[in-house]
Amino acid sequence: MATTTASAMEPVHPDPPVVDTQATASTQTGDAAQVTHTVVSGDTVGKLAQRYDSTISAIISANGLNAQALIIVGEVLTIPQGQASVAAPTTATSSANGIERESASASRSAARSEAPPANTSGNAVLDIAYQYIGTPYVWGGSTPAGFDCSGFTQYVYAQAGISIPRSSSAQRNAGTQVSASQAQPGDLVWWPGHVGIYVGNGQYIAAFSPGNPLSVRDIYKANPTFIRVG
């Protein structure tokens with residue numbers, strides 16, 4: 001990932017396929033339900049996960065997809081259902097992979113303070129963001145021809161009708177900071193020099209670095225700042 005400054009411009013990427021599958025059959029194995037889907041035009045793995053109470057990582061794993069979660073029209077996918085609740089955030093700190101999540105008790109404590117504004121545009125933001133999976137990283141890019149991290153977030157929010165600053169450093173103050181337990185899909189995920197969009201279940205979508213197309217990944221870096229915009 002590239003470090004950005006208030007004056008640096010970041011790249012933008014072209015839009016990738018959107019996933020919205022239609023169920024053709026469902027099976028039940030023990031406590032785990034699975035549905036098969038034939039990919040049609042406009043489908044995305046993200047929409048699939050939301051629609052069938054699954055997760056992007058579960059769908060990728062069940063179908064052997066690559067990290068960019070690219071799918072092809074006509075492809076039949078197996079969708080594990082009921083994974084969203086299983087993968088709900090829990091108290092966990094892993095020094096091995098740098099992932100740190102807040103505990104439920106911390107969540108309750110935060111809830112006692114003034115509640116952050118609701119994210120009214122989260123779903124719309126993600127629907128737009130998923131379209132650009134696979135877009136190449138371009139330093140200073142801010143269009144679907146290529147994105148850098150803050151160019152991508154600014155572009156996606158603009159398509160959702162929300163104006164945010166261009167640089168990642170300025171985007172840190174583009175909204176209201178919320179705790180990890182209060183974070184919602186569509187919120188910004190920020191570190192010094194890097195920014196993306198929270199997907200949920202410990203994952204985010206972002207433009208990462210040259211040679212790494214825009215994709216959904218686990219939040220692997222510790223102490224992210226979540227920012228509610230809009």
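**Buried charges and the sheet**

Author: Let's start with a pair of residues: Arg 228 is buried, and Asp 187 is buried too. Keep in mind that this is a predicted model. The side chains of these two meet in a salt bridge, at 2.6 Å from N to O. This pair links distant parts of the chain, with Arg 228 in strand β13 and Asp 187 in the loop between β8 and β9, 41 residues apart.

Now for the strands. β13 covers residues 225–228 and pairs with β9 in the antiparallel sense, over three bridges.

Zoom out, and you'll find six strands in an open sheet, ordered β8-β13-β9-β10-β11-β12, with antiparallel pairing. β8 (176–178) and β12 (215–218) are at the edges with a single partner strand each, so one side of each has no neighbour in the sheet. On average, neighbouring strands are turned by 40 degrees against each other, direction ignored. Helix α6 packs on this sheet and touches β9, β10 and β11 (203–206), and its direction makes about 50 degrees with that of β10.

Back to the charges: the structure holds two salt bridges. Arg 166 sits in the loop between α6 and α7 (168–171), and Asp 148 in the loop between β7 (146–147) and α6, so the pair ties together parts 18 residues apart in sequence. Arg 166 counts as buried, at 12% relative accessibility, and Asp 148 is buried at 0%.

Conventions
Residues are numbered from 1 along each chain as its sequence is written. This is a predicted model: local features need pLDDT of at least 70, side-chain atom pairs count only at pLDDT 80 or more; totals for chains, interfaces and linings use all residues. Side-chain values use heavy atoms; hydrogens and water are left out. Two strands pair if DSSP finds at least two bridges between them. Helices (H or I, at least four residues) and strands (E, at least two) are DSSP runs, numbered from the N terminus. Axes are lines fitted to C-alpha atoms, for helices over the stretch in contact, and angles run from 0 to 180 degrees between N-to-C directions. Contact means heavy atoms within 4.5 Å. A salt bridge is a side-chain nitrogen of Lys or Arg within 4 Å of a carboxyl oxygen of Asp or Glu. Buried means under 20% relative accessible area, exposed over 50%, partly exposed in between (1.4 Å probe, protein chains only).
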